[in-house]
Every structure is written in structure tokens, then in C-alpha cells.
Amino acid sequence: MALNLRQKQTESIIRMLNLNQPVTATGTANDEVYKILIYDRFCQNILSPLIHVKDLRKHGVTLYFLIDKDRKPVHDVPAVYFVQATKHNIDRIVADASRSLYDSFFLNFSSSVPRPLLEDLASETLKSDSIQRIAKVHDQYLEFVTLEDNLFSLGQRSSYVQLNDPSAGDREIEEIVEKIVGGLFCVLATLAVVPIIRCPRGGPAEMVAMALDQRLRDHLLSKNNLFSEGGGFMSSFQRPILCLFDRNFELSVGIQHDFRYQPLVHDILGLKLNGLSVKSEKGGMNYELNSSDPFWSANGFLEFPEVAVEIETQLNKYKRDVDEVNRKTGGAAEAEFDGADMIGNTKHLMKAVNSLPELTERKQIIDKHTNIATVLLGEIKERSLDSYAKKVNEIMSRGGIDRNELLDLLRGKGTKMDKLRFAIVYLISSENINQSEVEAMEEVLKELEINTSAFQYVKKMKSLNVSFAPANSTGKGNIVNWAEKLYGQSISAVTAGVKNLLSSDRQLALTRTVEALMEGKPNPEIDSYLVLDPRAQRSSAGTSSSHLKGPFKEAIVFMIGGGNYIEYASLQELSLRQQPPKHVVYGTTEILTGEEFVEQLMLLGQKMGLGSASVSSSN
């Protein structure tokens, strides 16, 4: 597949660890060189899901340190630096070089180094007479975190707050957009593809699309073009589509409770960088959940009860296989047999012995998921999470639920945050919500001492949408002007009701839209979407010839302002459902749990002076 992001980012990192020398078929460079690796926190997060300690050793890395740690000199050894291009990191490198900490410095920046910083590096190392220690400087274009083959994050925190902050000026918004464009450029450079860009008009998605289109156009004119698509691909290579959306396109998905395994593990147990810490009666356990775990890959998108059944099935199969091995290796001595039998039994014995490591590994995986499922089940029962997920689905499919059911759920089990999340999803998703229902919900939230600033923020957005009917209305007041400036017509997407949410078959609006964009057939939902081709002559209207409309075999879907495992699961289900299967990569500015996203809404509510800011909602 052309879009194997995990593989391509890993290859780039291995090349970097081998001093940017070509790597042989065995995955190592010809000249084995022992070296030290220095990284910053951000680049540590890039490395952690892709490279293990044993991999570092395989590539000659004997020691590794954070750049801010106090380090002793190690002579006659080169140091590989992998850091973001910041003033702080440049200063630290200059200090290391002037103290002659290492023999030679191979500097790798996670994105391109701005010229002023490069000049600082040169002038400061000249001053300290250490410039000869700088062996190489590389722009690696790796400033993103790949968690699975089809999942990445730019690791850019609080982008939803920054983009929606009513006090943010044009310059601040431009800086955030520029940062997002920089991260997306790194992803496309690593894949070496120039996509066709599609997005809804208005709002951050269009800002990012226009700026990325310009960045790619400028780069394609430069001498050191990273996108030479000729070499590795056949002439029939078809370019992918990049679909850009902003979190307000489908706000509730960032908040709602879901009952599938991967989204649950992330939302309830706090999966981070593919690592999970689980506390149980047996004590704390640390697990890794990634594509090397076959159970996680095969069952991550199943509903939780189906996962429990699958664990049981796998355990029974394991027991049968162990019995089979015992039967073949035990009891054979009692029977008398001739030479031919002897050879046959020896083969059985060898086969049985060879199967033991595989059986041990299977048992470890079963034990791991049994432990995770047990802890999840405890949380589900204690917080009645199944009720929340069920009621969310009912709201989505029916456009609302009975008022008494709603208030009973809010007064029932669950943390304050569970209740707040459910109240916000109800507020966004109910088609005919009336004022008395909203007031009744607010009353219960206050009664339970729950911070309502996030609820008030969404309520304000929803009321704005009503007073906002003509998109070019000249509404006065700071919030209306801000919303109009930033979102234009697309603000209605925040509260598009049931049409833009889970239908009864649970297909997200995002998934439905991506499917339509990949099909490329005329469709009123997407006909107004912007179309940009950075390789083509610029057209004034932002719409272009028919080849840009598809159909597409591959898509990169990017959510600005925070994504989640619910959308990732939904898009992977879409790609597998297609005949033949299509390939969809999902990326976002940062991956957020429902609680983390609500905290950003809370912050925006507080910035606008809404709600009760005094009471914590997390317990």
C-alpha cells in the first residue's frame, strides 16, 4: 500500500539511527557504529510507539537521554540528536557542542529548521570553536505520532480551544493553522504523495486546506522536491484524497460514550501512545496495545460484550490445543511400536515442542485482554456506562428520549463527568429540545454540583445558530462577530441535529461524507466542498476538472481540533466494507477522550464567562 505511514515513518527513523546511511535488507547499515541518542519529549513520543529498546540496540544505540537531562561527556562516540526545531533545543545543542560532550553531532530535526535558528546554530558553534563537531544537519519531516498503520496524531494540544477562543486574534489563528499545515506536510512528505484536497467551505478546515495547498505548490517548485512520485510507484498510481474536517462538523462524537472495545479502552482506561496502565486486585500492570497484538487488531472495533465472548472462545481453543500437545507428548511410552511408529511419534513430539512458544504467547495475550476486560467491566457496572451508550444511540436514532428517562439517568449512577457528557450530547443532538427541558437539565447538574460552563458554552453555540440563520447577517456583539468571522456558514454544522449524527446503523456523518467523497459521484451533501489540486494550475473558483472528483482508492481523513477512537473505528469499518476494500488513514491534531474534550469546552465556557467555574466535574 502506498499509504503505509507506520512502515514509512519507522524506515525513516531507522535510517536516521544509522547516521542517515542506506540500510541493508537486514535492517541495519553496513558499518556498525556505536552511538548515543538524544531526544526531546515530543520526539520521544514519536519514537515510543515505533521503536523498542531492543531495536535501538540492534541499530548500535548504546545510551539514550532526554536533551534536558544533565549528561556526562562520552568521548569517541557520535551522538544522534532527534529534536524539534526550537530555540531552546538549538541553545542546548550549542552548549553540548561547546562542552565537547560527544565526538561528533548528527542533528535531526523533526520538521524543517527555520533559517534564523540555523544561523544561530552556525554562529554560536563558530563562537565556541565547536562547529567542526557538527557532522550533519537533517530535516526529517517526522513531526507526527503514528499509533497504528492507519492512525496518526500531530500531538498538538488544545487546538480546539485555540481555534475557538473568542479573544484569539487573526495572527494567533494563523499561527495555529500554520502549525497544523506543518504537521500535515510532514505526513505527506513521509508518504511522498501530493493528494487532492477536499473540505467543507468556511472555518478552520478551509483555512488549513488553502494554506496546505500553497505550501505544497511552493515546495513543488523548489529544487529539493520531496514528492518525486515517479520512482516507487507504477504509472497507474492513483493519488489519494485528503479530506479535512473541523471538530465542529460533528461535535457530539468527541463527547459521547461508545461501547466498542478500542474506544472504551481509550476513553475509560486512558490508552496513551499505545501504552496502558491497568490497576487491578493483582496490582498494577503495564500493557502495550498495537498491531503486534493480534487480538487487539482483530477485535478492537467489536462491541464490548462480543469481545468478552471472543476472549472466552480463544481461551477454550487454547485449552484444547494444550490438551492436544499433552496427548501427543504424554502416554506414548506405554504402547509398543515398531520403527515406523517411532519415527511418526518423534515427528509428533517435535511438532508439539515447536508449538510451545506460540501457545505461551497466545496465553499471554489472552491473560492480558482478560485483565483489561475485567477492569473495564468493573467500570461499566459501577458507572452504568452501558446505559449511557444505549441512550446515546437512542437519541441519535430517534432524535431524543423521554424527559423522565433523561433526568433519571442524570440522577443515577456515573461520575459527574459522565453525566455532564450525556447532558451535552442530548443538548446537541435532540431535534426538538424545548427550553423547559434545558432548564430541568441545568437544575439537575447544579443540584449534583457539576460545573456547567461546558454545557452553557454548547447552549450558547446552539442559540447562536438560531439567531444566525442568514449567514451574512450583520449581528453585533463580540460572540456573533467572532463566530461569523471564524466559521461563516459552517457554524450550523455544530448543531446540525440528527442528520449529522449517528443514524440507526451508527454510521457517523464523517464516515458517510468520506464515503461520498471517495465515490466521487454527484451528491448534494458534498457538491459545495472545496476541491484543491496542488499539482494543477490554480483555478479561480476552487473547483476543477472531473478527475479531481474521484473515485479514490485511498483517503487520508484529518480532523482539526481533536479526534478519537470512535471516528477511527467507524472509518476502518467503512474501508473494510467496500468491495474491493479501500484504504483510509485517520489523523487528527490530538487524540482526546470524551473527558479531555469536555475540559476544552469548559475552558471556552469560562473564557466567555459562562456557567459555574467553581466546582470540579471529574469525580
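Guide: First, a word on the labels: helices here are DSSP runs of H or I with at least four residues, strands are runs of E with at least two, and both are numbered from the N terminus. Also keep in mind that this is a predicted model.

Let's start with L271, which sits in the loop between α9 (261-269) and β10 (275-280). Is L271 buried or exposed? Its relative accessible area is 4%, and the cut-off for buried is under 20%, so L271 counts as buried. Who's around it? Skipping neighbours within four places in sequence, L271 is in contact with V265, H266, L276, L289, W296 and Y565.

Another loop residue to look at is S110, found between β4 (104-109) and α5 (115-127). S110 is buried too, at a relative accessible area of 0%. Its side chain makes a polar contact with the side chain of E143, at 2.5 Å. Beyond four places in sequence, the residues touching S110 include C43, F82, Y141 and C186.

Now for a helix: T511 belongs to α19 (residues 509-519). With 1% relative accessibility, T511 is buried, and it touches S570, L571 and L574, not counting residues up to four places away.

On to the nonpolar packing. The largest nonpolar core has 123 residues, and F245, I372 and L510 have the most contacts inside it. Helix α15 supplies the largest share of this core, nine residues.

Finally, back to α15 (residues 416-429): its axis comes within 10 Å of that of α13 (residues 385-398), and the two cross at roughly 5 degrees. An angle like that makes α13 roughly parallel to α15. Among the residues making this contact are L385, Y388 and I395 of α13 and F422, V425 and Y426 of α15. By type, the contact residues split into eight nonpolar, one polar and three charged.

Methods: Residues numbered from 1 in each chain as written. Predicted model: local features only at pLDDT ≥ 70, side-chain atom pairs only at ≥ 80, totals over all residues. Heavy atoms only, no water. Axes fitted to C-alpha atoms, helices over the stretch in contact; angles between N-to-C directions. Parallel < 35°, antiparallel > 145°, perpendicular 65-115°, else oblique. Contact = heavy atoms within 4.5 Å. Nonpolar A, V, L, I, M, F, W, Y, C, P; charged D, E, K, R; others polar. Buried < 20%, exposed > 50% of the residue type's maximum accessible area, 1.4 Å probe, protein only. Polar contact = N/O pair within 3.5 Å; in protein donor to acceptor, adjacent residues only side chain to side chain. Core = buried A, V, L, I, M, F, W, Y, C linked by side-chain atoms within 4.5 Å.
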